[in-house]
Amino acid sequence: MRRSLLYYWRTHLAVAVGAAVATAVLTGALIVGDSVRGSLRDLTLDRLGEIDVALVGERPFRQGLGADLEAELGGELDLAPTLLLSGSAVHGASRARASRVTILGAGPELARLYPEAPELPVGRQPGLLFPSVVLNEALAGELGAAPGDEVLLSFEIPSDVPRETLVGREEAGATVGTLRLSVGGVIPDRGLGGLRLTPGQARPMNAFVERERLQRAVFGRGADPRVNLLLLAFPGDLGATPGSAELADTLGSVMAPADLGLEITTGAERVVVESDRFVLDPAASRAVLEAARASRATAQEVLTYFATALRSGDRSIPYSTISALDPPAAPALGAFRLVDGSPAPRLAEDELLLNRWAAEDLGARPGDEIEVEYYELGARDELFTRSVTLRLAGVVEIEGLAADPRLTPEFPGLEDAQDISSWDPPFPVDLDAIRGVDEEYWDAYRSLPKAYVAASLGRRLWKSRFGDLTSIRLAPGEGSAAELAGRLRAELPRRLSVEEAGLAFRQLKRDGLEAARGATDFSGLFLGLSFFLIASAVLLVGLLFRLGIERRAREVGLLRAVGYRARTVRRSLLAEGGVLAALGALAGLGGAVFYAWLMLAGLRTWWLPAVGTPVLFLHVGPATPVIGWVASVLVVLATIWWTLRRLGRVSAARLLAGAAGLDEIAAGRRRRPLLVAVAFSLLAAALLAAAFATGETSSPGFAFGIGACLLIAGVAGFAHLCGGPPGARANGLRGAPLVSMGARNTGRNRGRSVLSVALVASACFLIVAVDAFRGGGEAEVTDRASGAGGFTLVAETDVPVVAGLDRPETLRELGFSDDEAARLAEIDLVPFRLLPGEDVSCLNLFRPERPRVLGVTPEMRARGGFSFQQVAEKSPDPWSLLAGELEPGVLPAFGDFNSVLWILHSGLGQEISLENERGETVRLRFVGLLAKGIFQSEVLISEENFLAHFPSRTGYSWFLADPPLNRVEETAAMLESRLERFGFDATPTAERLSAFKAVENTYIATFQTLGGFGLLLGTLGLGIVLLRNVLERRGELAMLRAFGYRRSTLARMVVAENAILLLAGVGIGAVAGLAAAAPHLSAGGETVPWLSLGLTLLVVVAVGMLASTLAVAGTLRTPLLGALKAE
Amino acid sequence: MSESGLELRGLVKSFELGRERVDVLRGVDLELAPGEALAITGPSGSGKSTLLHLAGTLDRPDEGSVRIGGEDPFALPEPRLARFRNRRVGFVFQDHYLLPQYTVLENVLIPTLAFADRGDDERRDESWARELLDRVGLGGRLAHRPAELSGGERQRAAVARALVNRPSLLLCDEPTGNLDEASAAAVADLLIELHAGAGSVMIVVTHSLDLAGRFARRARLAAGRLVEER
């Protein structure tokens, strides 16, 4: 074998080079996958430093909680309590603005979690006008800010009382805080500068501020220091880091009721539990009631609300509190008696009680009708005035329970007021309606309720998603009130989970490294993208090896003639091929590294839109070269085996005569290709009809099915016609003899010709079909069925907007002029609730674990629009599928078809899991998959489900608007300017769609580039086939020379033959590709990018023709005469 | 010297084989009048095929001259030389070199297709090709492919192809070398018969003494010189 290898070294070298190319591309694709994973892993580790876990609070928590946790855990961890806010930044001088800025109120502990990070120069710095802020490069670059520059940060001020309640509402703009700071330094985006809690390759824009300063800006001077993020770094490797459940248990043991937002007040006989959020959330209420039952305490549930008026006849009392409660079941809860001394009755839902003062003021008697007027808060912060008329069931004495001021929790804006005229409540108050007697009542009883309704009625009228109780009063069953309070303080943290307390542990490093495995398998992706390159290289190997064997036909024939079995000869040749494959593949490993490096360089430069950020660098996994080498050797060996398989069928005599692969040509043997061509043409037509009939014109399955059928039909048709029309026609060479002869020559070795055409056609098919699917990104966004749903603007805010932007008074509060408000009224501005999370579009390389979720309002669902790729049920109103729950804990959801399929690895009818605010697992089942559009980064659920599972997420952060195309820029500028404090960032939907399309188009371009390389390799193979054909036919060509054919005539004839193969391949592939894209093109109104397509195919044909011309010219220049000699 | 025959004068041809120079023809003279035929024999490697190639203008002599029908073809520029060869010279080789993708009739017509300006000759050529195939006994096999013919039939088709342009010089290089005895005899009969009717010059190079014996003029090529056997 060694001698054979050496003797035929030229042929073998070519085979080994082919194997090396196949290995380089195949292993290179695997290395690209390694590199993506490795780069994302490096990025994750770099950004997190030594941080392993984060404790994240929905609401700020006590800063000292971290120290308590550390002590409980044994003090062997580093931690950094941090106040993290989302916001925006504006450059003081240039007014350059950056949205989606992460503002970190950091203590000195934070930098210590990054071994190489310097101390952050935050706080007062010499030479700076304002306190210092440290920016990372990304933010500094976006603002064009340098040290010493002035920067204004805007951020949401967290509120203890939910903003979407009557008592928590604020003026539209009052939820935003600002800090004016001087840039004290700019730090790199690596390490601490790149700190980012959610996986994503995009560089975060971070602003580091002195923690105490940010706390003062958010909570006010003198407030207890609170944070909303605790970063924890554990000693040892990641495996030793405690799990979230274990940490939650530990945290539960160090938490006090105050950490849960609960206030326990102990009186002489009773205990009152209230919330610093004004209402007790359902979990807290449940925990308190359970603890009470366990302690055999008697509970009384109270819901106190605000009545704007109590009326009886023509008398009215303005602005009173009113409590919904049932009479106390235990004397310790306080006496609740009527003026006649009898116990107050249990009220029916149409009854109420007034206290003596109110009854006298209204002149009301039992049995009278009393109208209670109150505010109801709408979904967009609208105030509706409602009223209910109830029958006066009795008048209670102001004593005992009815004199207990704790029935009304601390009412924002009222509690500290000396008199009613200095009230500053979060809702409108007509101070003119206040009478002297009202001031007297205020002086005497403050906000003591004047009326009482049944607990059930109060819940029905005034409950919100944040809770239905303002306090729970408890009387001890045994022991003292103080003992009961002590038991409650000990038990409540255990009865409420960490999540129910609005806290959650996130395994940042563990989850980050998991996410770094990537949403997309880049190994598979680049294997797919490089498919034609690999296939071409492998086919080339097969071709070269086969040609080598054909050259040695006599040698093989001789071995067979002297008694070697065909199998033995084949094995020997396979072993030779194996050595070549092994050596070639070994050499190809170097090329693989280069190929991967080249692809990554491409992803950092030419193909950057595919990944967004140049974060990918070469990483070679230890097993990858071995896997690549083995896979390549197996593929090449399989190809060689397939090549050798036919050798056994050729007789020894024919081999001895030098014919190893010559297909003798006889007429009338081409029925089967014709049948195949007809059958597949019919199948393609049937699929086309089915695509139109089912409306699935954009389905890639149909498209490629149709295309593949036409491709097979085309190649079979070529096989049928190859070598000219069959039959008894004696002289088919009339007319243009050279072209006719070229055409007939393609039948000289039909197998090779058909293989060449199939290779070129397949490559062209994919290139054309993929290119036709590319589209230009100029879709008509104003069309409701388009990917933009008829909206021309998409916007996001850093700070949620609670107030409805459709209300004139809100717009006035926010600084819109009347003219601007009028213009805004003309357009549809649709808000969505947003649960921040990870981008699920192809723009995110990481595997998203917590997707961004949009809550779709009923108005938006009623409006509809957009197109669906798939829906669970055919419906004229697919958006209605979002309503309700499918099963308990299973929510209907929409997602973008491609994002769901490729990034979330899910599909229609399948589910993804999400943890809700209470730590429960919620399943989102996809009932509709949207066609390509602006919802590629998010998952959509109904607003009702959103609020049910994420009740503390207040306001709207995501918007769609439909100004006419000629007013898009103007409207965007107006909204961005007036809503600057919210970080309102508007983008034309066309631009957003183009950004998504750019990713897709970049992958297509990558595929086409690599496919193009494959095609070029295919044309090289075609050239080799041609050369081989010419060499095999030297005698015939010499004969033609003898009969007067000129060298140039022969060259033209051979080139014509090659051109026919090339054009047939390109033609069949192009037609099949266009046919595959036809339904999509006709349905989407998109046009074929004829120019780029034409140029691509032209280059392919030109390169193929050039290669073949050079090859033929070179071959024919060598003397042919020797082939004619008889000896 | 015949005005319209073949005249070879002092043909010298040598080849470089590695560093060695091999003198194949050392001065060959030959003169054949129209209608004459000559059989050339000689040992392997004696230069028989080389002589035929020079006579057929496939190769140029190092020295000496070739005149066909009184013309010096090597004085013609390459394109005209190709046309000259196409019109005036016919070849029959040991291997038939029929193109497997063409029918028998098309194979015979191949020499007529070398130049595009055939004009009205196209139909006449085809009619003549059909007649030639009739005469070689393949009139019923016009639409068959070479793979469907026997060895003798293929060679007969090759003979018809050589004659399709009515050449004044027919050169046959071992025309029966690949055939069995019966087929060889049939092809020899055919060559002699067709030549007799055509009035052209024919040279047959052969190892076969039987075939050579059927020619009135015979010559032996040895040591680079042609010696006519009388």
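Which residue is the bridge partner of B:Val12 in S4(B)?

Mentor: The model is predicted: local features need pLDDT of at least 70, side-chain atom pairs count only at pLDDT 80 or more, and totals for chains, interfaces and linings use all residues. Residues are numbered from 1 along each chain as its sequence is written, while chains are lettered from A and ligands numbered from 1 in the order in which they are written.

The bridge partner of B:Val12 in S4(B) is B:Glu63. Strands here are DSSP runs (E, at least two residues), as helices are (H or I, at least four), numbered from the N terminus. Two strands pair if DSSP finds at least two bridges between them. B:Glu63 belongs to the pairing of strand S1 (residues 6-17) of chain B with strand S4 (residues 63-68) of chain B. The sense of this pairing is antiparallel, over 5 bridges.

S1(B) also pairs with strand S2 (residues 20-32) of chain B, in the antiparallel sense and over 10 bridges. Within S2(B), B:Val22 is the bridge partner of B:Phe15. S1(B) and S2(B) form a hairpin, with 2 residues between them. In the turn of that hairpin, B:Gly18 has a positive phi of about 65°. To draw the part together, S1(B) is paired in the antiparallel sense with S4(B) and with S2(B), and B:Val12 is bridged to B:Glu63, as B:Phe15 is to B:Val22.
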